[in-house]
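Here are my notes after going through the model you sent.

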Amino acid sequence: MIELRTPAEIQEMRAAGAFVASVLEATRAAADVGVDLLDLDALAHRMIRERGAESCYIDYHPSFGGSPFGKVICTSVNDAVLHGLPHRYRLQDGDLLTLDFAASVDGWVADSAVSFVVGTPRDEDLELIEVTERALEAGIAAAVVGNRIGDISAAIGEIAHAAGLKVNLDFGGHGVGREMHGDPHIANDGRRKRGLPLRAGLVFAIEPWFLRGTDKIYTDDDGWTLRSVDGSRGAHSEHTVAITDDGPLVLTARG
Ligand code: MG
């Protein structure tokens, strides 16, 4: 079901967006060579408790997950790109890390992700991250009244194709509201002028993610972490966005 939020509700959702942004900023700042992924999860967990927020992940157990997630942040390293389950692992120089975080504040959810390199970057990793960020910007720019969902998908896909990347259509953007995942689904490739007409009050996560060498993924033995089949690295950029009559409002914008 597609739900529309009133301007007052979108104002309320800004608190969740700001909190999610603050957790990603803090965990990114803490993610250094030698830091353990479990320490990043502990930091996010502490911030959730201090804020009186609720984790969207810890009890999350959809059909594709092996068991309840059990952690509060996704940490995907190198060939892992989505749903990375934090485990005992110390970050190494040059690791490409994606942090994906969703939480509920005062009953409203926000969801956001960022990729970056820990320590000394490789040029090709910076390029991949830059493409996902540019695709996210293009998707957000297309999130305006008068367009359709397909315009967002096409804007994202065009950036990927221009960079020579293939697009996986199994996981993409989604409605965000009282729950983390709702309608509509927003594929990371598609055709302009197709799909749901965009209206003020729609709130959703836009989340391009790409792998350097493939569009195929498999699930790690941990039951959650999604990795590239060819070992190539992945990157992921996500914001929760509200469509307003004044244009797209990025609820999870970082400072
Ligand atoms: Mg997310």
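Contact, as I use the word below, means heavy atoms within 4.5 Å. Also keep in mind that this is a predicted model.

1. Setting aside neighbours within four places in sequence, aspartate 230 is in contact with Gly213 and Thr214. Aspartate 230 sits in the loop between strand E11 (226-228) and strand E12 (234-236). Its side chain also makes a polar contact of 2.7 Å with the side chain of serine 232. As for leucine 211, 19 residues away along the chain, its C-alpha is 9.5 Å from that of aspartate 230.

2. Is aspartate 230 buried, exposed or partly exposed? With a relative accessible area of 41%, aspartate 230 is partly exposed, because that class lies between the 20% limit for buried and the 50% limit for exposed.

3. Now helix H1 (7-30). H1 has 24 residues and spans 35 Å from its first C-alpha to its last, close to the 34 Å expected at 1.5 Å a residue. Its buried residues are Ile10, Met13, Ala16, Gly17, Phe19, Val20, Ala21, Val23, Leu24 and Thr27. What do the buried residues of H1 pack against? Their partners are H2, E4, strand E5 (108-117), E8, strand E13 (239-244) and strand E14 (247-250).

4. Helix H2 runs over residues 37-51, and its 15 residues reach 21 Å between the first and last C-alpha, close to the expected 21 Å. At its start, a side-chain oxygen of aspartate 36 comes to within 2.9 Å of the backbone nitrogen of leucine 38. After H2 comes glycine 52, with a positive phi near 70 degrees.

5. Have a look at which way H2 faces. Leu37, Leu40, Asp41, Leu43, Ala44, Met47 and Ile48 are buried. They cover an arc of only 160 degrees around the axis, so they lie on the same side of H2. As background, an α-helix has 3.6 residues a turn, so residues three or four places apart point the same way. The face turned away from the buried side of H2 carries the exposed residues Arg49 and Glu50. The cover over the buried residues of H2 includes H1, strand E1 (54-55), strand E2 (74-77) and strand E4 (96-105).

6. On to the largest pocket, which has a volume of about 370 Å³. Of its 23 lining residues, His83, Phe171, His174, His181 and Glu207 are the closest to the centre. Strand E6 (173-175) and strand E7 (182-186) are the elements that give two or more residues to this lining. The largest share, four residues, comes from E7.

7. Histidine 83, one of those residues closest to the pocket centre, is in the loop between strand E3 (80-82) and E4. Histidine 83 is buried, with a relative accessible area of 18%. Beyond its neighbours within four places in sequence, histidine 83 is in contact with Phe64, Phe69, Cys74, Ser76, Phe171, Trp224, Thr225 and Leu226.

8. Glycine 201 is in the loop between E7 and strand E8 (203-206). Is glycine 201 buried or exposed? Glycine 201 is buried, with a relative accessible area of 3%. Leaving out residues up to four places away in sequence, glycine 201 touches Glu3, Leu4, Arg5, Ile10 and Ile243. The C-alpha atoms of glycine 201 and threonine 6 are separated by 5.9 Å, although the two are 195 residues apart along the chain.

9. Last, two backbone angles to look at. Aspartate 106 has a positive phi of about 50 degrees although it is not a glycine. Aspartate 106 is in the loop between E4 and E5 and is exposed, with a relative accessible area of 61%. Lysine 193, also not a glycine, has a positive phi of about 65 degrees. Lysine 193 is found in the loop between E7 and E8, and is exposed at 55% relative accessible area.

Notes
Residues numbered from 1 in each chain as written. Predicted model: local features only at pLDDT ≥ 70, side-chain atom pairs only at ≥ 80, totals over all residues. Heavy atoms only, no water. Expected span 1.5 Å × (residues − 1). Buried < 20%, exposed > 50% of the residue type's maximum accessible area, 1.4 Å probe, protein only. Arc of directions from axis to C-beta. Polar contact = N/O pair within 3.5 Å; in protein donor to acceptor, adjacent residues only side chain to side chain. 1 Å grid on protein atoms, 1.4 Å probe; cavity = no way out; pocket = protein on both sides within 12 Å on 5 of 7 lines; lining within 4 Å. Points joined across faces, edges and corners; volume = space filled by probe spheres on them.
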